[in-house]
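Please work through each task with the sequence and the coordinates open before turning to the solution.

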Amino acid sequence: CNPEMARYVRPGDQVLDIGANQGELALLFAQAAAPGGKVYAFEPNPAMFGVLARNIELNPAAECHAEPVALGASPGKVEMCQPDGRNPGTATVHTEKVPYGGNWATVEVMRLDDYVRTRGLARIDVMKIDVEGYEFEVCKGAEETLRRWRPRLIMELSDTLLRMHGTSADELAGWLRAHGYAIQDVATGGDVDAAQSLDGCFLNVVCRAGADG
C-alpha cells in the first residue's frame, strides 16, 4: 500500500495498520487522525518490529501503539518466513506454496475480534491490511469487528499471493461483498463489481460499507 492511503483517514479516527512493516504508513495515519485519533500498528516480523518501535519512539507526538503479533482467523502460532531474503517487506505466513527465505520465525497469532475485546477498544474506523496474501485470514478473524463498526478497509488485493495461502482475490472480494462492503480500485477510482474477474489481479482497494463516503 502506498502513502496516498492516508487520505482515507479522518481526524479522530481509530486506525489499525495490519502489516505495519517499518511504520511509514502508521505514522502518516497518526498524523491524519490527529487530533483525537490513534493508530494500532501490528507487525509480527521480529526483524521489522524493532524498526517499527524505534520509528514510533522517534515520533513522540504520534498517537501510535505497536503490537508484535500477527492477526489471523484463529489464535495460536505460525511460522513466518521471508521468501525474498533481501526484502523484509515480503515476510508472510509460511505455507506449502510459500518457500522459506533468508529469515523466518515463529510468531503469535491473535484474532482481531479477540484483540478488540481484550483491549477494550471503543471503536474501529479504518483498517489497513497488507499482509502478503494473508488478508482473508485477517478478515475472517475480524467478522465481529466488521459487523459492529463497519470500518473502512484499505487493502492490498494480490491474487497470486492470496492463492499461495489457499484462496483467491475473487473469493475474498465475494466474502467482503457478502458482508456489505463495496470495493473500489484506488488507482482508477472505479468500482470493482462482482462481474469483474480478479484472476491474476494486483490492486490497492478501499472497501466501504453502508453510507460511508
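**Exercise 1: a lysine in a strand**

Lysine 128 is placed in strand β8 (residues 126-129), where strands (E, at least two residues) and helices (H or I, at least four residues) are DSSP runs numbered from the N terminus. The model is a predicted one, in which local features need pLDDT of at least 70 and side-chain atom pairs count only at pLDDT 80 or more, while totals for chains, interfaces and linings use all residues. Residues are numbered from 1 along each chain as its sequence is written, and side-chain values use heavy atoms, with hydrogens and water left out.

Task: determine whether lysine 128 is buried or exposed, and which backbone oxygen its side chain reaches.

Solution. Begin with the relative accessible area, which is 3% for lysine 128, so the residue is buried; buried means under 20%, exposed over 50% and partly exposed in between, with a 1.4 Å probe and protein chains only. Then follow the side chain of lysine 128, which comes to 2.7 Å from the backbone oxygen of glycine 19.

**Exercise 2: the order of the sheet**

Task: work out in which order the 7 strands form the open sheet, and which strands are its edges.

Solution. Two strands pair if DSSP finds at least two bridges between them, and tracing these pairs gives the order β3-β2-β1-β8-β9-β11-β10, with mixed pairing. The edge strands, each pairing on one side only, are β3 (64-67) and β10 (181-185). For the parallel sense, take β1 (residues 14-18) and β2 (residues 38-42), which pair over 5 bridges, leucine 16 having tyrosine 40 in β2 as its bridge partner. For the antiparallel sense, take β9 (residues 152-158) and β11, joined over 6 bridges, where serine 158 has phenylalanine 202 in β11 as its bridge partner. β10 and β11 are likewise antiparallel, over 5 bridges. Strand β11 (residues 202-209) has 7 of its 8 residues buried, so it is largely enclosed by the rest of the structure.

**Exercise 3: an aspartate before β1**

Task: find which side chain makes a polar contact with the side chain of aspartate 13.

Solution. Aspartate 13 lies in the segment before β1 and counts as buried because its relative accessibility is 7%. Its side chain makes a polar contact with the side chain of arginine 152 at 2.5 Å; such a contact is a pair of N or O atoms within 3.5 Å, of which, within protein, one must be able to donate a hydrogen and the other to accept it, and residues adjacent in sequence count only if both atoms are side-chain atoms. A polar atom of the aspartate 13 side chain also lies 2.7 Å from the backbone nitrogen of arginine 10.

**Exercise 4: charged pairs**

Solution. Glutamate 67 is buried at 9% relative accessibility, whereas arginine 119 is partly exposed at 41%. In helix α6 (residues 159-163), arginine 163 and aspartate 159 are 4 residues apart, about one turn of the helix, and their closest N and O atoms are 2.8 Å apart.

Conventions. Salt bridge = Lys/Arg side-chain N within 4 Å of Asp/Glu carboxyl O.
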